[in-house]
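Me: I would like to go through this model by question and answer. Please show it before we start.

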Amino acid sequence: MKFISTRGRAPSLSFADTVLTGLASDGGLYVPESLPTFSRAEIAAMAGLDYRELAFRIIQPFVGDDLSDEELRDIIERSYETFRHRAIAPLVQTGTNEWILELFHGPTLAFKDFALQFLGQLFDHLLKKRGERVVVMGATSGDTGSAAIEGCRHCDNIDIFILHPHNRVSEVQRRQMTTVMSDNVFNIALEGNFDDCQNMVKASFADQSFLPDGRRLVAVNSINWARIMAQIVYYFYAALRLGAPEKTVNFSVPTGNFGDIFAGYLARQMGLPIDQLVIATNANDILHRCISDNDHSPRPLVHSLSPSMDIMVSSNFERLLFDLYDRNGSAVAELLADRSAPMHLDPSVLSRAREVFSSCRVDDARTVEVIREVFESSEYLLDPHTAIGVEAARRVRKSAEQPMVCLSTAHPAKFPDAVARALPLEKIPLPAHMQDLFERAERMKVLPNDLSQVHEFMATALDT
Ligand SMILES: Cc1ncc(COP(=O)(O)O)c(C=O)c1O
Ligand SMILES: N[C@@H](CCOP(=O)(O)O)C(=O)O
């Protein structure tokens with residue numbers, strides 16, 4: 001299978017090269033030239049498969065000949081052996097036709113582990129085969145960072161640099177990153193917000209001359225196609241358990257960089273019967289405004305109780321636009337030439353988007369109420385991101401007859417301060433492997449929002 005850029009002007013790449021690249025050379029994101037699809041009968045035949053076997057069936061068509069079936073199976077096997085729940089992604093019912101898909105049973109307690117455990121194994125395999133050492137550079141609003149570090153820290157052929165916004169991630173999130181003392185792991189606390197971190201990463205991919213000779217950057221953010229691909233699996237997994245393909249199943253997704261919900265869109269394009277995908281946002285609501293009012297105008301980022309979704313420039317929206325603009329790279333390049341400018345979608349494009357996407361904005365006050373209400377009614381503790389997804393689903397769901405699955409993107413123990421505003425809980429226990437998190441030493445470098453200083457820090461670290 002070949003992968004092409006959403007801006008239409010970069011060379012097409014194989015699966016392995018796509019995984020080991022960041023942005024395309026024209027500034028676009030890589031997507032498959034054509035999407036594999038499954039017939040109703042093929043989907044029905046997937047019912048009852050365990051998570052790993054299902055992952056193999058979904059991922060294999062993207063990989064083509066770049067990995068043998070045995071190699072892919074082995075990578076998948078190792079990726080999910082670190083998960084603490086036998087089902088990998090268990091479903092919990094919280095109401096009539098209302099379900100929570102718990103995606104926080106991986107090592108860092110967020111949905112990011114699904115793709116980043118896989119990506120770490122994939123990197124290790126491909127780099128060893130090629131005898132190459134690379135530099136991973138990523139931006140995080142809190143969860144991608146620790147999941148990427150956890151996925152890559154054992155890779156001999158990787159140095160990893162993660163930028164997080166200084167003082168804007170939860171303490172648990174920060175410590176999950178900064179207490180990893182491996183020699184190949186570097187944490188940068190940037191005096192800026194997540195968009196600044198992400199801009200810096202994208203600028204670094206565009207000009208890699210600051211790196212020592214022979215080294216290149218590889219992406220762990222969802223600009224990396226493999227991230228999205230691995231996330232498609234759990235949509236199939238949940239829907240099959242709830243009766244697909246006979247039944248249509250809908251999803252509500254706490255959304256920031258648009259990677260997770262875009263994976264749901266792809267699952268639908270690949271044949272899974274999904275009628276509605278709910279884009280659930282916090283006060284940083286650019287995607288909600290875009291879908292509801294055709295108003296995609298950036299506003300200053302607000303620091304919310306769901307910090308991982310404090311994002312204004314959602315990378316993967318570009319992949320959706322590419323599809324909605326009939327895969328016309330020039331149209332996408334023109335539309336996104338200046339991401340700080342307001343953008344209005346063509347009315348026909350917007351109405352196609354609305355056929356599948358609904359949207360809803362949930363502010364901090366309501367987030368806190370939802371955590372309390374759900375705990376009181378179901379004794380189920382939501383993290384603030386998931387609470388936004390649950391509330392959004394309740395407000396905008398179109399069918400009460402079809403199951404609605406809200407993706408639970410993080411464990412509440414990652415956000416004790418937000419949860420404490422809702423409930424007088426003594427303590428939310430961390431899993432055993434994180435019990436001593438608050439006693440561990442931390443290491444990070446605080447840097448100003450200045451690209452040259454970040455590059456200097458990276459070049460020096462790579463030199464020693
Ligand atoms: C806990 C949590 N929920 C939701 C999101 C939003 O996901 P996405 O960026 O894929 O839209 C993130 C960050 O990505 C997150 O860390
Ligand atoms: N919420 C994310 C932001 C980065 O998103 P990604 O999907 O592009 O890695 C985070 O937790 O870092």
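This is a predicted model: local features need pLDDT of at least 70, side-chain atom pairs count only at pLDDT 80 or more; totals for chains, interfaces and linings use all residues.

Me: Which strands stand at the edges of the open sheet of 5 strands?
Reply: The sheet has parallel pairing and the order E8-E5-E6-E7-E13. Neighbouring strands in this sheet are turned by 30° against each other on average, direction ignored. Two of the strands have a single partner each, so one side of each lacks a neighbour in the sheet; these are E8 (217-219) and E13 (445-448).

Me: Which residue in E6 does Met137 stand opposite?
Reply: Strands of a sheet pair through backbone hydrogen bonds, in either the parallel or the antiparallel sense. Strand E5 (residues 134-139) pairs with strand E6 (residues 158-165) in the parallel sense, over 6 bridges. In E6, the residue opposite Met137 is Phe161.

Me: At about what angle to E6 does H6 run?
Reply: Helix H6 spans residues 143-152. H6 lies across E5, E6 and strand E7 (185-191). Its angle to E6 is about 170°.

Me: How are H15 and H16 oriented to each other?
Reply: Helix H15 (residues 364-378) packs against helix H16 (residues 384-396) with the axes 9 Å apart and at an angle of about 85°. Among the residues making the contact are Val370 and Ile371 of H15 and Ala387 and Ile388 of H16. By class, that contact has 7 nonpolar, 1 polar and 2 charged residues. Angles of 65 to 115 degrees count as roughly perpendicular, and H15 and H16 are therefore roughly perpendicular.

Me: How many residues of the shell around ligand 2 are charged?
Reply: The shell around ligand 2 has 13 residues, and Thr140, Asp143, Thr144, Asn221 and Ser222 come nearest. Helix H6 gives the largest share, 3 residues. By class there are no nonpolar and 12 polar residues, and the charged number 1.

Me: How many residues of the shell around ligand 1 are nonpolar?
Reply: Ligand 1 is surrounded by 16 residues, the closest being Asp143, Asn257, Gly259, Ser308 and Thr409. In this shell 9 residues are polar and 2 charged, and the nonpolar number 5.

Me: Is Gly259 buried or exposed?
Reply: Gly259 lies in helix H10 (residues 259-269). Residues beyond four places away in sequence that Gly259 touches include Ser222, Arg227 and Asn316. The cut-off for a buried residue is 20 or more other C-beta atoms within 10 Å. Gly259 has 25 C-beta neighbours inside 10 Å and therefore counts as buried.

Notes
Residues are numbered from 1 along each chain as its sequence is written. Chains are lettered from A and ligands numbered from 1 in the order in which they are written. A residue is near a molecule or strand if its C-beta atom, placed from the backbone, lies within 6 Å of it. Helices (H or I, at least four residues) and strands (E, at least two) are DSSP runs, numbered from the N terminus. Ala, Val, Leu, Ile, Met, Phe, Trp, Tyr, Cys and Pro count as nonpolar, Asp, Glu, Lys and Arg as charged, and the others, Gly among them, as polar. Two strands pair if DSSP finds at least two bridges between them. Axes are lines fitted to C-alpha atoms, for helices over the stretch in contact, and angles run from 0 to 180 degrees between N-to-C directions. Two residues are in contact if their C-beta atoms, placed from the backbone, lie within 7 Å. Angles under 35 degrees count as roughly parallel, over 145 as roughly antiparallel, 65 to 115 as roughly perpendicular and the rest as oblique. A residue is buried if 20 or more other C-beta atoms lie within 10 Å of its own, exposed if 12 or fewer, and partly exposed in between; C-beta atoms are placed from the backbone.
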